[in-house]
Amino acid sequence: MQTILRKLFQKQLNKLTEKQFVQNIIIEVVADLIMVAVGIILAYYVKTKMF
């Protein structure tokens, strides 16, 4: 069972080139930053409207 899983895992690793992996990380980080920025802007907007 483990050998089958290991072979599948190896295939997945071979499919994912390092370039793609780095791109995915960058995309995730950028998405997180955008979410944080939107959250801050919304919080500031609500704060200024309410008070």
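1. Glutamine 23 has its place in helix α2, and in this predicted model the residue counts as partly exposed because its relative accessible area is 43%, which lies between the 20% and 50% cut-offs. Computed along the chain by residue number, glutamine 23 and lysine 11 are twelve residues apart, while their C-alpha atoms are 19 Å apart in space.2. Glutamine 12, for its part, is found in helix α1, and with a relative accessible area of 43% this residue is partly exposed. The C-alpha atoms of glutamine 12 and lysine 49 are separated by 50 Å, and these two residues lie 37 residues apart along the chain.

2. As to the secondary structure as a whole, the protein chain contains two helices and zero strands. Helix α1 covers residues 2-15, which makes 14 residues, and its span from the first C-alpha to the last is 20 Å, close to the 20 Å expected at 1.5 Å a residue. This helix is hardly covered, since the count of buried residues among the 14 residues of α1 is zero. Helix α2 takes in residues 18-50, and isoleucine 26 is found there.

3. The overall dimensions deserve a comment of their own. The radius of gyration of the protein chain is 20 Å, whereas a compact globule of 51 residues would have a value near 10 Å. Along the principal axes, the C-alpha atoms fill a box of roughly 65 × 25 × 5 Å.

4. What share of the 51 residues in the protein chain is buried? Buried residues make up 0% of them, and the accessible surface of the chain comes to about 5400 Å², with 71% of that area belonging to carbon and sulfur atoms.

5. On this surface there is a nonpolar patch of about 510 Å², made by Val22, Ile26, Val30, Ile34, Val38 and Leu42. One member of the patch, isoleucine 26, is partly exposed because its relative accessibility is 48%, and a patch residue needs over 30%.

6. Two further residues of helix α2 may be set side by side, namely lysine 19 and glycine 39. Lysine 19 is exposed because its relative accessible area of 64% is over the 50% cut-off, while glycine 39, at 35% relative accessibility, counts as partly exposed.

7. Lysine 19 and alanine 43 are 24 residues apart in sequence, and from C-alpha to C-alpha they are 36 Å apart in space. For glycine 39 and asparagine 14, which are 25 residues apart along the chain, the separation of the C-alpha atoms is 37 Å.

Technical notes
Residues numbered from 1 in each chain as written. Predicted model: local features only at pLDDT ≥ 70, side-chain atom pairs only at ≥ 80, totals over all residues. Heavy atoms only, no water. Patch = residues over 30% accessible without salt bridge, like charges linked within 9 Å, V, L, I, M, F, W, Y side chains within 5 Å. Areas by Shrake-Rupley, 256 points an atom, 1.4 Å probe, with all protein chains shown as cover. Salt bridge = Lys/Arg side-chain N within 4 Å of Asp/Glu carboxyl O. Helix = DSSP H or I, 4+ residues; strand = E, 2+ residues; numbered from the N terminus. Buried < 20%, exposed > 50% of the residue type's maximum accessible area, 1.4 Å probe, protein only. Rg over C-alpha atoms; globule rule 2.2 N^0.38 Å. Expected span 1.5 Å × (residues − 1).
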